[in-house]
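Biologist: I would like to learn how to read strands and aromatic rings in a model like this one. Could you walk me through it?

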Amino acid sequence: MSQLNDNLPSHPARDGTVAMGLHWVIALLIVFEIGLGLRMDGPPGATTFAVYQLHKSIGISILILTLARIAWRVGHRPPPSVGGHVWERRLAGWVHVGFYLLLLAIPLSGWLIVSASRTGIGTVLFGLIPFPHLPGVPGLEPATKAVVEQAAENAHRLLGWALYGLLALHVAGALKHHLIDRDQGLARMLPGPSGVRLFSRRLVGVAVAVVLTLVAAAAYPWITAKVPTSAPEPAATVQAEVLPAPVPAAVDPAAPPVEADAVETPAVPSRWTVNRAQSRLSFSTSQSGSPIRGRFADWAADILFSPDALEDSRVRVTVAMATFTTEDIDSQGVLGGAEWFDTAGHAEAVFSAERFRALGGDRYEARGTLRLKGVARGAVVRFALKIEGDTARMTGTASLDRTAFGVGTGEWAGTDDIPAQVAVDVTIVATRAER
């Protein structure tokens, strides 16, 4: 090993093992956060929610490790700066101070965002260790919390850009020391022998570690369900109950024959097959004046309907509750819990309607029963229907009182922040089944 270091310039005093370890752990965590940051604006859903949760866990970890590094540095004087002009050494000093400040301020601003969030989702570090909100923030008035949350989000974003700038300066300075000055300043923070050649396996190792960290962030979550690309589109996980067709009246053999022209064929409702790709089931409400919108990806409808046979028409819609997604990441994480949909305890919601009424023109009304979260209540859906040949398009809406079904309990039972009424909208495009 000594032969590898022959003819290398004299090297400076080095940072200790603890300081060096903290430096590289924090550095790789920052790189990982950058990789996650590229995915923070992904579509709402379980993957984006998981990315946000890991982002919070790593942010708190960086805060804790930065505090540990500051505490270690207080008791352990760093080695003197290496070479360069006076202004370069001063700039390097200010860059390090800036790093410490940003690595404290950025996680703290993120912590403030979570604490002031209108949904109040807690932080569980890496899914194992509960981490509290900032004291006093969750108890603020809704309007004040909204202002605090917005201010914290703006600060978090600006501080992030400042960190990118300092990171670029820091890397540029290290490369200047190594490639131009050749003063071995980079060696003080690399494990292994004290000297570093111009092209070293340790430098390659650092580059590989950075690339692998970015790849890991881009691939998170690392375990996902795989569906073969050649497989057909999966059917709904909740199968709708097949409703029997109306039974025709029995014929009396003793009755006199009736002329064919005098026989009226009774209207019979048609069975319809839903086109899932063009249909949609969604809901909307608000919190503190901000809209919350979502939809269900997995639902099935068994439809037996005809405008000319309303008395024999019937519809049954079954919804897989765990397949909801929302436009708001925070609400995406909380709605599946026991206080809201309780998807673990009540996997399905079912709406059954057997009473229909014409409202004039292409407008109709369906009255039935909605069973949601183990509670059955009457529900009314008003809808418009257009039938062209064997294709029908229905658009309907219903207003549901969430409190009547126990959706939103505990601290969410009040209706000042989140109203009781929730709008449910449905669009169905269906094809008439063969008669």
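This is a predicted model: local features need pLDDT of at least 70, side-chain atom pairs count only at pLDDT 80 or more; totals for chains, interfaces and linings use all residues.

Biologist: Let's begin with strands. Which strands pair with E13, and in which sense?

Modeller: The general idea is to look for bridges between two strands. Here, strand E12 (residues 391–401) runs antiparallel to E13, and eleven bridges join them. Strand E4 (residues 280–287) is also antiparallel to E13, with five bridges. Strand E3 (residues 270–274) is joined to E13 (residues 421–432) by three bridges, again antiparallel.

Biologist: Now the rings. How many aromatic pairs are there?

Modeller: To read a ring pair, take the distance between the centres and the angle between the planes; over 60 degrees counts as edge-to-face. The count comes to ten aromatic pairs. One of them joins phenylalanine 305 and tyrosine 364, at 5.9 Å centre to centre with 85° between the planes, and is edge-to-face. That pair links distant parts of the chain: phenylalanine 305 is in strand E6 (residues 299–305) and tyrosine 364 in strand E10 (residues 363–372), 59 residues apart.

Biologist: Is phenylalanine 305 buried or exposed, and is tyrosine 364 buried or exposed?

Modeller: For this we need a cut-off: under 20% relative accessible area means buried. Phenylalanine 305 has 6%, so phenylalanine 305 is buried. Tyrosine 364 has 9%, so tyrosine 364 is buried too.

Now look at phenylalanine 324 and phenylalanine 341, an edge-to-face pair at 5.4 Å centre to centre, with 85° between the planes.

Biologist: Why does that pair tie together parts that are apart in sequence?

Modeller: Because phenylalanine 324 lies in strand E8 (residues 324–326), while phenylalanine 341 lies in the loop between helix H6 (329–334) and strand E9 (348–360); the parts are 17 residues apart in sequence. Both phenylalanine 324 and phenylalanine 341 are buried.

Biologist: Which residues do ring pairs link into a cluster?

Modeller: Follow the pairs from ring to ring. Phe283, Phe296, Phe324 and Phe341 are linked in this way.

Definitions and conventions: Residues are numbered from 1 along each chain as its sequence is written. Side-chain values use heavy atoms; hydrogens and water are left out. Two strands pair if DSSP finds at least two bridges between them. Helices (H or I, at least four residues) and strands (E, at least two) are DSSP runs, numbered from the N terminus. Rings of Phe, Tyr and Trp (its six-membered ring) pair if their centres lie within 6.5 Å; planes under 30 degrees apart count as stacked, over 60 as edge-to-face and the rest as tilted. Buried means under 20% relative accessible area, exposed over 50%, partly exposed in between (1.4 Å probe, protein chains only).
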